[in-house]
Amino acid sequence: MIAVVARGLGCEVCAPEVSEALRREGLKESTLAQVLTHLDAPELDPIERLLVPFARETIWYEPAPLQRRARMLRDRLSGPQLLEAIGVASLANGLCRMGATVMDYNI
Amino acid sequence: MTGPFVVVPLLVLLAGFAVAIYRQWRQNQTLKAQLEAIATDLQHLQQSCSRLVPAGVLQHLIADGVKSGIEAAAPERKVVTVLFADLVGSTAMSDRLEPAVLARVLNGYFQRMSDAIHEHRGHVAHFLGDGIVAYFGALQPNPWQCNDAVRAALAMRAALREYNVELGREGLPLLALGIGIDRGLGLVGLVGSRERMEYDFVGRTVNVAARVQTLTRIHQADILVTEALSVELDSRFVLTPMPAELVKGIAEPVVTYAVREGPSDAAPAEEAGER
């Protein structure tokens, strides 16, 4: 989720850091590229395939698509999982926006 | 004996304070009411402006505060995806329908198309007669702009299909659409004269998208994308290559792809259930 937000915001500080962390976790380079380019990949599990587009929708706070994605998540996740997803999205946005500011990127 | 000499001036002083506080309170209430009225006016003004200017542009201008328009949104180079849509046979339709009916039909069409574009993170830059020019990735960075633009085109196709059912029920002529999409580098920002400015994208891509849209009639396909755009698309979009064609203003023949269908936007489990 953080990698998606970093790419959406063009944060060149967070993007390589997160990508490296994902590689260390065992995510294949091709899968990561596919996810970041098209927001989906066959290797993702059904929950991850919901989380990735949700992360993207949190970047610019467009209410309609964000709510639509959040409803899809709500229907599939437990309460604590949903809370965690929202928390990670918030963290990702804060982190990547600060990262973008550090590199003097105009958001 | 000192009692009245102390109490009376104290009471007068207190009364004076009370009057001053009351006056201040009334003044505050008046200022508060004025502030609320101004805020309401501003809100109405912003709502009215957002009908004329994309909300994102308005936010840019408001955020840039007192800077002049030109300084605030100085053009910058960006890769943008341009969607150009045009109604097929609209001239014949405009001759046949009463002006009020024609306006209603067109407004219904524009509303549905704009909704589909906005839903996929695009913004309508211009209505050109019955044509629509929309940009993806112009207002905000959007690395997924190509997929978004083609998804928007597919949503426009679906919305027009639904609208045609309504029009058919009323005995009105059915609408057909041609969409051309291209992506490329150009200048984005406020351009125009001191009296009238527009937030626009200037570049070859706009021209190519418009020309590709004219090819929809030749290729009998409602959505065509350029080769430059097709290579950026998710491989799950179903594309059919079309023969290269020469178009006005472009030296080389243009290779296009007809978009048949795209990946589902539904939740993965729903998607799996549908197959």
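# Reading salt bridges and contacts between two chains

Guide: Welcome! Start with B:R112 and B:E166, whose side chains meet in a salt bridge (3.2 Å, N to O). This is a predicted model, so local features need pLDDT of at least 70 and side-chain atom pairs count only at pLDDT 80 or more, while totals for chains, interfaces and linings use all residues. Residues are numbered from 1 along each chain as its sequence is written, chains are lettered from A and ligands numbered from 1 in the order in which they are written, and side-chain values use heavy atoms, with hydrogens and water left out.

Visitor: What counts as a salt bridge?

Guide: In general, side chains of opposite charge can pair when their charged atoms come close. Here the rule is a side-chain nitrogen of Lys or Arg within 4 Å of a carboxyl oxygen of Asp or Glu. The structure holds 17 salt bridges over all chains. Our opening pair links distant parts of the chain: B:R112 sits in helix α5 (residues 99-119) of chain B and B:E166 in helix α6 (residues 145-169) of chain B, 54 residues apart. Helices (H or I, at least four residues) and strands (E, at least two) are DSSP runs, numbered from the N terminus.

Visitor: Are B:R112 and B:E166 buried or exposed?

Guide: Buried means under 20% relative accessible area, exposed over 50%, and partly exposed in between (1.4 Å probe, protein chains only). B:R112 is partly exposed at 26%, and B:E166 is partly exposed at 33%.

Visitor: Which other residue pairs with B:R157?

Guide: B:D222 does, with the closest N and O atoms 2.8 Å apart. B:D222 lies in the loop between α7 (204-219) and β6 (223-226) of chain B and B:R157 in helix α6 of chain B, so this pair ties together parts 65 residues apart in sequence. B:R157 counts as buried at 16%, while B:D222 is partly exposed at 28%.

Visitor: Which residue of chain A does B:D148 meet in a salt bridge?

Guide: A:R56, at 2.6 Å, N to O. Within chain B, B:D148 also forms a salt bridge with B:R121, at 3.7 Å between the closest N and O atoms. B:D148 is buried, with a relative accessible area of 2%. Between chain A and chain B the count is four salt bridges.

Visitor: How many residues does the contact take from each chain?

Guide: Contact means heavy atoms within 4.5 Å; it takes 24 residues from chain A and 20 residues from chain B. For area, we take the accessible area (1.4 Å probe) that two parts lose on being put together, summed over both. Chain A and chain B bury about 1900 Å² between them, 47% of it on carbon and sulfur atoms. A:H38, A:R56 and A:W60 supply 30% of the area that chain A buries against chain B, more than any other three residues.

Visitor: Why is α1(A) largely enclosed by the rest of the structure?

Guide: Six of its eight residues are buried, among them A:V4, A:V5 and A:L9. The cover over the buried residues of α1(A) includes α2 (14-24), α3, α4 and α6 (79-102) of chain A.

Visitor: How many disulfides are there over all chains?

Guide: A disulfide is a covalent bond between the sulfur atoms of two cysteines. The rule here is a pair of cysteine sulfur atoms within 2.5 Å, and the count over all chains comes to zero. For A:C14, the closest cysteine sulfur, in A:C11, is 3.5 Å away, too far for a bond. A:C14 counts as buried, at 8% relative accessibility.
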